[in-house]
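Have the sequence and the model open while you read.

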Amino acid sequence: TLRLICTTAAVQRKNVGASGPEKYTEAFIKKQIEEFNLGKRHLANMMGEDPETFTQEDIDRAIAYLFPSGLFDKQARPMMKHPTEVFPEQRKIQWGEDGRPFHFLFYTGKQSYYSLMHETYEKFLNVQKHQDQLTAQDLPLQKEKRNLAGSRWLTKIELEEMLLEKLSDDDYSRFIQLLEKLVALPYADMEENYIQKFSKEVPVQLQKVVIEPLQYDEQGVAFSTGEGKRKTARATAVVYDNGTGKITVNGTDILHYFPVLQDREQLLFPFQFLGRIGKHDMVCTVSGGGRSAQAGAIRLASAKALRSFVTEQEVEFMRQAGLLTVDPRVKERKKPGQEGPRRKFTWKKR
Amino acid sequence: RIMPVRWSRYNPSYLEPEVKKESYQKPLEKLTDEEREQKELKAVRPIKAAPPTLSSSVFSDPLISKFTNMMMKSGNKVLARSLMSQTLEAIKRKQLEKYHKAPENEKETIECNPYVIFHQALKNCQPIIGLSNITKGGKTYQVPVPLTDNRKRFLAMKWLITECRENKHRRTMMAEKLSQELLLAFNNEGPVIKKKHVLHKMAEANRAYAHFRWW
């Protein structure tokens, strides 16, 4: 299975709900809910507050006061939560008293997944039929673009939670492919309600980065600073205006500090991209890393410093050229039982 | 569709950076629909950092960088890059010699730009069809199979490099030998082109087994 390296822990949560058939009966859960509500009222009385307006936060504070615990893990401390949060949602028994299953796809093993696929395909065929009818009447096809920007499909874990069934990666990708096909059709707006069940809003994460204004030194020359890093190298760059294109690194000229052409190319990359090669002077300090890492760090630092000299559109162009993102690639750690990060020990037959 | 990549440190939703300056100076009307969609997507999605081999200068060429990486041994990029630049210099020198010696009417036909020669030579070396081993009923057959663009480019570069490493005299420099091979390939002569033709003939000979392919 593919292990996502770069996602949050929330995405990799195990879906307990789909693990098996019901472990807690419905009556049991109802009883737990009643007990919880009664307990909430008792707690409110104990704390001297109004039982009607006693919220979950109040409960948490009361429990933390009554049962102080020095344990490190928050989930090991005493807690009182609503039973629906404590007992995960699980599938009810799928067959009746005579043993006959309720759903017609029960014997496929993944009944909710296959019924979902059938439904989606039915919608797809409906849209196609509608489209064919309109082409038969020679009406023009309207193409309305769906807003790609702010939405994403449900992740595999979220879909598993919705269906209460375990899915494989293959199943998930097939479902997403079918959804994309449906969305690509011209008249997919008919099924907009259905599609919205499977898409989520992503807050447009442009993260308006505050571009610092230019600073002026004693002679009135404008300058701005930027910091950059790459692997273990850290660099700070100060870019001065009205310059001749001289670049100084740690007190020495770049020709002496970076004998390799590729590194010097990287240093000049932001200036060349903006077309400002002879116009700025740069003084930078860099430490750590190797030859290429230091060059990458200075490139990032200078690109960040140049943002203050340049229009917003050009900043956007720089971002799309990959000049303003921190390179997350670092050396992978060595694992036990292997010789390197990926290389295994020599296999010996005996 | 976004598939999580096993060995990428980036989130799968990160897009590739576009380095060329010209693509940012195109006015809005000239873009096709697909390009417009791409542009909108780029405005919202995060973008990967540009790798150290990529730059917006005139001198950086993706094909040349790929070839340099293939020539590199044990991570010695400095040496590989210097070999590449010496090769291009050698090609330029030879072509200039030819240019100055040629009569007036032929002067226009002689190509002096080493990048153009490199690209054309690689294109001439690319095979159109490849062979793949398919085991059926205990016997392994060589079945003719179509190749993707990436595979064609890779095979052309690989043949060129192996040819230069093995079949050269002990005293000739790699840059010298490479420039000779590239010029021969540019004129559709030379051992690499011969290898390509041999592969094509084998594929033609094994036409009978073409139906073994199931993809």
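## Ground rules and confidence

This is a predicted model, where local features need pLDDT of at least 70, side-chain atom pairs count only at pLDDT 80 or more, and totals for chains, interfaces and linings use all residues. Residues are numbered from 1 along each chain as its sequence is written, chains are lettered from A and ligands numbered from 1 in the order in which they are written, and side-chain values use heavy atoms, with hydrogens and water left out.

On pLDDT (the predictor's confidence in each residue, from 0 to 100), chain B averages 88, and 96% of its residues score at least 70. Confidence in chain B is lowest in helix α2 (residues 33-44), with a mean of 80, and highest in α8(B), at 94. Over residues 1-5 of chain B the pLDDT is below 50, though the stretch has twelve contacts in the model beyond near neighbours in sequence; a contact here means heavy atoms within 4.5 Å. For the complex, the predictor gives an ipTM of 0.86 and a pTM of 0.75.

Helices (H or I, at least four residues) and strands (E, at least two) are DSSP runs, numbered from the N terminus. Buried means under 20% relative accessible area, exposed over 50%, and partly exposed in between (1.4 Å probe, protein chains only). Among the buried residues of α6(B) are B:Leu155, B:Trp159 and B:Ile161, and their cover includes α3 (62-71), α5 (114-125), α7 (174-186) and α8 (191-205) of chain B.

After α7(B) comes B:Asn188, with a positive phi near 60°.

## A hairpin and a loop

Strands β1 (residues 129-136) and β2 (residues 139-146) of chain B run antiparallel, joined by eight bridges; two strands pair if DSSP finds at least two bridges between them. B:Leu131 sits opposite B:Pro144 in β2(B). Two residues lie between the strands of this hairpin, where B:Gly137 takes a positive phi near 60°.

B:Glu106 is in the loop between α4 and α5 of chain B. B:Glu106 is partly exposed, at a relative accessible area of 43%.
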